[in-house]
Amino acid sequence: MDLASAQFKPAARAALQDTDLQEAMAENRRFAAHVRRQVDLTPDFQALRDRAKAIKDHTLAHLDHYLERYEAEATRRGTQVHWARTPEEAQDAVLAICRQANARHVIKGKTMIGEEMGINAALARASIERHETDLGEYILQLADEPPSHINGPAIHKTLRQVQALFHEHHQGLGRDHYLLDPIELLDEARRLLRERFVNADVGITGANFLIAEDGSHVLVTNEGNGDLASTLPRVRIVLASIEKVLPTLADAGTHLQLLALSATGQPLTSYTSIYGGPSQGDDLDGPEECHVVLLDNGRSEMLAGEFRPMLRCIRCAACMDNCPVYNWVGGHAYGWIYPGPMGSVWTPNLVGLEQTTDLPNACTLNGRCAQVCPMQIPLPDMMRVLRSRQWSQRLTARTSRWGLTLWAAIARRPALYRRLTALLAQALGRLGQVRGRFRHLPMAGHWTRERDMPAPQGATFQQLWRQRQSQKNEEHR
């Protein structure tokens, strides 16, 4: 996916005018409310969060040790581990494996790390046919679009749009009617994908967790496509990033509970599978070869700095599902793989702040993302750090810099600040006393375009506070 984060503002404005997108995002808001209810009904959720955070903090503090142990145990089980510093190195590793297997057809499960690696484009350049097996990803393959959500990649599509895509791209199936029922759409996709599962040369999936103690990896899905992609083809390729490692399988159990609850409100996902290396002599199924491609892509630098907590992320999407900005503009407006609050921190760290200046500012700093994050990642704090870096690197817009410089000059002079704010409050209070609100304000057009601005009562907060304190003192005398 090409980086387009620099176009966040125009993309967000277009998204707000997209009626289909707004219909789809309204459905996502209802789903997020359902998930919150399920989380709230979990009595030990906070204790679970604390335990998972402690496990991950310990792992990150000893990441080199656990990665080396994972590689040793995975190799012992017959898995070939490939290290990639950059997405280009990851692409080279995957293509080399596919060429060695003489692969012409690849089936692929949903993997955001695969998106970060650019695997889809790499396979296309190598003339290797790719078939997405996650239903959301399959819909997006028909639409030729990138995902807009890390769990529900096609969440921005309405049912009408999916119906139209199936009608357009499935003309050769001999069907003479337009499918309307979601069950019929699902059955049609299943029939098409079954043949592709059977005929694939290579299966590519992601991994939710890598287990250092035994070299296995954990994969969770709600469709079962990950299991078919992992066991039917002759060659299995697992794509993961280095922070996915955990010390033990018991540690993964703790994180699995959090992941399912925070992502979909389930106690556990429908399919939770643990895979080791290639099939052994007495195995009934499984690949002849198993490869794991591990991507760094800037994570080592994050590990050494103040953004280390971001590496605790388990990709549950709770932050974006509860974000007022994401839930109105959708994922594509963010211009890269990771949208929402987590993307506003991940993307500047992975591709550079210069190309992503709008993302840390695409936030009201209401703190909801940190509140719902199962791994207790302080996302608003990290966005403040990125905003500070923008300022120090002079990446902030000139008008914003002038405005903030003027405000800072006034704020450093308390007497002047109190006098000016008192005059402004009085003026606005008088001007708005008839209606009690303003429909238009100079230099606040973006605010009043969507809502009215309540008129002040004529006094500042500090003046009202002093009046209240004076009244209390009089009452105590």
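Here are some questions and answers on this predicted model.

Q: Why is Lys-157 called buried?
A: Its relative accessibility comes out at 16%.

Q: Where does Lys-157 sit, and what does it touch?
A: It's in the loop between α8 (135-143) and α9 (159-169). Leaving aside residues up to four places away in sequence, Lys-157 touches Ala-24, Ile-139, Ala-143, Glu-145, Val-162 and Leu-165. Contact here means heavy atoms within 4.5 Å.

Q: How do you know that the end-to-end span of helix α10 agrees with its number of residues?
A: α10 covers residues 182-199, which is 18 residues. The expected span is 1.5 Å times one less than the number of residues, which gives 26 Å for α10. The end C-alpha atoms are 26 Å apart, so the two agree.

Q: What is at the start of α10?
A: A side-chain oxygen of Asp-181 reaches to within 2.9 Å of the backbone nitrogen of Ile-183.

Q: Which residues of α10 are buried, and what do they pack against?
A: Leu-185, Glu-188, Ala-189, Leu-192, Leu-193 and Phe-197 are buried. The buried residues of α10 pack against β2 (105-108), β3 (129-132), α8, α9 and α11 (225-231).

Q: How do you know that α2 passes the span check?
A: With 22 residues (19-40), α2 should span 32 Å, and its end C-alpha atoms are 32 Å apart, so that agrees.

Q: What makes Asp-18 a cap for α2?
A: A side-chain oxygen of Asp-18 lies 3.1 Å from the backbone nitrogen of Asp-20, at the N-terminal end of α2. With polar contacts counted within 3.5 Å, that pair qualifies, so the cap holds up.

Q: What do the buried residues of α2 pack against?
A: They pack against α1 (8-16), α3 (45-61), α12 (249-264), α14 (318-321) and α15 (326-329). Ala-24 and Met-25 are among the buried residues of α2.

Q: How many cavities of 30 Å³ or more are there, and which residues are closest to the centre of the largest?
A: There are three. The largest has a volume of about 90 Å³, and of its 14 lining residues, Cys-313, Cys-316, Cys-319, Cys-373 and Ile-377 are the closest to its centre. The lining has 13 nonpolar, no polar and one charged residues.

Conventions:
Residues are numbered from 1 along each chain as its sequence is written. This is a predicted model: local features need pLDDT of at least 70, side-chain atom pairs count only at pLDDT 80 or more; totals for chains, interfaces and linings use all residues. Side-chain values use heavy atoms; hydrogens and water are left out. Helices (H or I, at least four residues) and strands (E, at least two) are DSSP runs, numbered from the N terminus. Buried means under 20% relative accessible area, exposed over 50%, partly exposed in between (1.4 Å probe, protein chains only). On a 1 Å grid over the protein atoms alone, a cavity is a set of points where a 1.4 Å probe fits but cannot get out, and a pocket is an open set with protein on both sides within 12 Å along at least five of seven lines; lining residues have an atom within 4 Å of a point. Grid points are joined across faces, edges and corners, and a volume is the space filled by probe spheres set on the points. Ala, Val, Leu, Ile, Met, Phe, Trp, Tyr, Cys and Pro count as nonpolar, Asp, Glu, Lys and Arg as charged, and the others, Gly among them, as polar. A polar contact is a pair of N or O atoms within 3.5 Å; within protein, one must be able to donate a hydrogen and the other to accept it, and residues adjacent in sequence count only if both atoms are side-chain atoms.
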